[in-house]
Amino acid sequence: MAGPETVSSAVPRSRSRYLWVALVAATWAWLTPIRWKLIGTMLAAAFAVVETLFNGLTIDEHRRAKHQHRLNVWRMFWQGHTSWEQFWALVFWSPVCHFLFFELVQETWLRILLFPINVWLAEIFMGSFLKTFWQRRPWNYTGRWAYFDGNITLLYGPLWVLLGVQHVIFVAAVYVPLSEWIVTELLGWS
């Protein structure tokens with residue numbers, strides 16, 4: 001007589017991952033206001049451009065346990081990329097990334113300085129989720145600065161601070177007013 005089966009082992013892996021995605025999507029759809037959804041989609045689209053440019057302009061080189069990047073402008077046209085997994089993960093993460101984070105951290109300068117923590121949390125949660133349920137690794141950092149199974153690298157902290165500057169400026173100046181206009185003028189909701 002076999003022992004008791006757990007729920008996760010009773011459902012085939014291919015179906016269980018769709019159930020998890022459906023659960024995340026339903027929770028997001030139910031708990032996230034329309035304005036946040038719009039801003040999240042805009043943030044994900046903007047970061048897709050940043051990610052594509054970053055991947056296209058830089059070349060990974062590992063020398064003596066250092067993670068260095070060398071600029072190559074022409075490489076952008078044939079190596080720049082992002083993934084749908086990253087796009088949707090950012091859409092789902094954006095309520096945490098922007099609204100919860102901004103609610104907890106009130107000072108603008110502190111939001112910028114702490115933004116790398118926000119990005120690292122996103123990379124840990126999204127990277128672990130995608131690896132566990134989809135066997136996909138949207139990023140895999142290596143070297144002595146990589147942590148959490150290669151989901152984050154402390155080496156990119158300064159870049160995430162710059163992204164925090166962009167985030168603070170563009171969310172207030174572009175994304176919030178644009179989402180308000182879409183909701184009130186285009187959709188006619190109040």
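Entry 1, pocket lining. I looked up which element gives the most to the lining of the second largest pocket, and it is helix 5, with 7 residues. Helices here are DSSP runs of H or I with at least four residues, numbered from the N terminus. The model is predicted, so I noted that local features need pLDDT of at least 70 and side-chain atom pairs pLDDT 80 or more, while totals for chains, interfaces and linings use all residues. Residues are numbered from 1 along each chain as its sequence is written, and side-chain values use heavy atoms, with hydrogens and water left out.

A pocket is an open set of points on a 1 Å grid over the protein atoms alone, where a 1.4 Å probe fits, with protein on both sides within 12 Å along at least five of seven lines; lining residues have an atom within 4 Å of a point.

I counted 14 lining residues, with V24, A89, F92, F129 and L130 nearest the centre. Helix 2 (13–31), helix 5 (84–104) and helix 6 (108–134) each give two or more residues to this lining.

Leaving aside neighbours within four places in sequence, I found M126 in contact (heavy atoms within 4.5 Å) with A89, L90, W93 and W139.
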